[in-house]
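Trainee: Could you take me through how the labels in this model are assigned, setting each value against its definition?

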Amino acid sequence: MIICEIGINHLGSETRALKMVDSLLTKNIDAITFQIPSKDFIKNFRIKTKEIKIDFYKDIIRKIHKKKKKIGFAISNEDLIERLNNFGCDFWKILSRDFYNKNILRKIKKTGKKTYISTGFSNLNEIKNLDNYFIKKPIFIHTSLSHKYEDINLEALLKMKRKINKNRVAFGLHSPDLKILYYAQIYNPESLFFYVKTNERIKFPDNEHAIKINEINKIIYNLKSLKLAIGNGNKKKIIIKNKFDTGKIK
């Protein structure tokens, strides 16, 4: 799946969030995520933002489902999990900072819905231990919270596929270099996550590695073209016909 993350780039504005969703629903994407941080995170966050009222998401879920797309929530406020689940959210994303948060893990596990877990700087042993915690197996997102090239480590996608399951490893872009998203496609991740933002000239929480919404369709076209070029690895005989031959190999 191609999953666009609004995160908290709406800055607590329902008007901005709604405009972002409406624009994303015209793009060739599969799903949208919102991030619902804890109250302490919002209070201490370096960029001024505020919490969106929970009932707003009820209408957003309905709107997204009407367009046959999915919606997920990266949630750190465990008190809202049950309500969002009842509203009809399709999947969860557990943020890397909540990788060890047993209360959130337990409540999300109880919903039985598809769950993505951002691994951040967790090692393979920690990932495997958490994998054993879930009955319905989660999908682990490889990402690096650092923008440094030496920390991106795309080869980890391959190692995670071998150690966990080739169909349960996704990739999340946290680099301002868009080429990293294309390189990750080579490893055939289950899903690709990337943050999005509007064209406004303001600083968003995920500003440097967020993609402008009006550029998304071009990026998705490039991703799909690259996937075709990567192919499935099976070699086969190809005969090219033209007006000068019969198409037979001599």
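**Values against definitions**

Mentor: Ile230 has a relative accessible area of 34% and is therefore called partly exposed, since buried means under 20%, exposed over 50%, and partly exposed in between, with a 1.4 Å probe and protein chains only. This is a predicted model, in which local features need pLDDT of at least 70 and side-chain atom pairs count only at pLDDT 80 or more, while totals for chains, interfaces and linings use all residues. Residues are numbered from 1 along each chain as its sequence is written, and side-chain values use heavy atoms, with hydrogens and water left out.

Trainee: Why is Ala184 called buried?

Mentor: The relative accessibility of Ala184 is 0%, so the residue counts as buried. Ala184 belongs to helix H9, residues 179–185, where a helix is a DSSP run of H or I of at least four residues, numbered from the N terminus.

Trainee: Which residues does Ala184 touch, leaving aside those up to four places away in sequence?

Mentor: They are Leu154, Leu157, Phe171, Pro189 and Leu192, a contact being heavy atoms within 4.5 Å.

Trainee: Which residues line the second largest cavity?

Mentor: Its lining includes Phe171, His174 and Ile180, where lining residues have an atom within 4 Å of a point, and a cavity is a set of points on a 1 Å grid over the protein atoms alone where a 1.4 Å probe fits but cannot get out. The volume of this second largest cavity is about 40 Å³, counted as the space filled by probe spheres set on the points, which are joined across faces, edges and corners.

Definitions and conventions:
Helices (H or I, at least four residues) and strands (E, at least two) are DSSP runs, numbered from the N terminus. On a 1 Å grid over the protein atoms alone, a cavity is a set of points where a 1.4 Å probe fits but cannot get out, and a pocket is an open set with protein on both sides within 12 Å along at least five of seven lines; lining residues have an atom within 4 Å of a point.
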